[in-house]
Amino acid sequence: MKKKINQIGTIVAIFVLVLFSGAVHAQEKKSNTEKLEIKTSAICEMCKTRLEENMAFEKGVTAVTLDVETKILTVEYKTGKSSPEKLRKAVSNIGYDADEVPANKKAYDRLPGCCKKDVAPH
Ligand SMILES: [Cu+2]
């Protein structure tokens with residue numbers, strides 16, 4: 001009889017453990033951040049500053065860095081608050097190409113001449 005109670009105790013303990021780990025897992029998923037690399041048409045340090053400053057204000061963005069050499073913008077964002085589509089659109093609205101999304105024409109026209117993609121790198 002005592003053995004049986006012990007067995008039930010073990011089963012309950014395992015059950016609680018499984019439930020608990022499930023809850024922890026769900027919480028992790030909620031605050032998940034994802035890293036996205038976007039190929040942009042940025043040219044110089046001014047582009048870097050502009051992109052990083054503007055993207056930092058984008059909803060869900062937690063970190064942003066542009067590598068001027070490769071023109072790759074690395075964005076870390078909360079998966080629940082943004083998406084690759086939204087982030088590319090945001091880059092386009094600043095005036096730069098973002099992967100297959102071309103730069104927003106109006107925003108591009110507002111860029112200083114040295115930051116336009118058809119200008120030779122400097
Ligand atoms: Cu520039």
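The buried residues of helix H2 (45-56) are covered by elements that include S2, S3 and helix H3. Contact here requires C-beta atoms, placed from the backbone, within 7 Å. Helices (H or I, at least four residues) and strands (E, at least two) are DSSP runs, numbered from the N terminus. The model is a predicted one: local features need pLDDT of at least 70, side-chain atom pairs count only at pLDDT 80 or more, and totals for chains, interfaces and linings use all residues. Residue numbers start from 1 along each chain as its sequence is written.

Cys-47, Leu-51 and Met-55 are the buried residues named in H2. A residue is buried if 20 or more other C-beta atoms lie within 10 Å of its own, exposed if 12 or fewer, and partly exposed in between, with C-beta atoms placed from the backbone. Viewed down the axis of H2, its buried residues fall within an arc of 45°, so they line one face of the helix. The arc is taken over the directions from the helix axis to the C-beta atoms. An α-helix has 3.6 residues a turn, so residues three or four places apart point the same way. Glu-45, Thr-49, Glu-53 and Ala-56 lie on the other side of H2 and are exposed. The helix has 12 residues and spans 16 Å from its first C-alpha to its last, close to the 16 Å expected at 1.5 Å a residue. The expected span is 1.5 Å times one less than the number of residues. H2 lies across S2 and S3 and runs at about 170° to S2. Axes are lines fitted to C-alpha atoms, for helices over the stretch in contact, and angles run from 0 to 180 degrees between N-to-C directions.

The protein chain contains 4 helices and 3 strands. Along the sequence the pattern is α-β-α-β-β-α-α. Of its 122 residues, 22% count as buried. Among contacts with a separation of 6 or more, 52% join residues 24 or more positions apart.

The 3 strands form an open antiparallel sheet in the order S1-S3-S2. S1 and S2 are the edge strands, each pairing on one side only. Neighbouring strands are turned by 15° against each other on average, direction ignored. Strands count as paired if DSSP finds at least two bridges between them. Strand S1 (residues 33-39) is joined to S3 by 7 bridges and runs antiparallel to S3. In this pairing, Glu-34 has Tyr-77 of S3 as its bridge partner. Strand S2 (residues 61-67) pairs with S3 over 6 bridges, also in the antiparallel sense. Here Ala-63 stands opposite Glu-76, and Thr-65 is partnered by Thr-74.

Side chains alternate along strand S3 (residues 72-78). Leu-73, Val-75 and Tyr-77 point to one face and are buried. The hairpin of S2 and S3 has 4 residues between the strands. Lys-71 lies in this loop. Its phi is positive, about 65°, although Lys-71 is not a glycine. Lys-71 counts as buried because 20 C-beta neighbours lie inside 10 Å.

H3 (84-94) packs on the sheet, touching S1 and S3, and its direction makes about 45° with that of S1. The buried residues of H3 are Leu-87, Arg-88, Ala-90, Val-91, Ser-92 and Ile-94. Their cover includes S1, H2, S3 and H4. Gly-95 follows H3 and has a positive phi near 120°. Asp-99 lies in the loop between H3 and helix H4 (105-110). Asp-99 also has a positive phi, near 50°, and is not a glycine. Asp-99 counts as partly exposed because it has 16 C-beta neighbours inside 10 Å.

In soluble globular proteins, nonpolar side chains tend to be buried together. The largest nonpolar core in this model has 19 residues. A nonpolar core is a set of buried Ala, Val, Leu, Ile, Met, Phe, Trp, Tyr and Cys residues joined through C-beta atoms within 7 Å. Leu-51, Leu-73, Val-75, Val-91 and Tyr-96 touch the most other members of the largest core. H2, S2, S3 and H3 each give two or more residues to this core. H3 provides the largest share, 4 residues. Leaving aside neighbours within four places in sequence, Tyr-96 is in contact with Thr-40, Ser-41, Ala-42, Leu-51, Val-91 and Ala-103.

Technical notes
Two residues are in contact if their C-beta atoms, placed from the backbone, lie within 7 Å.
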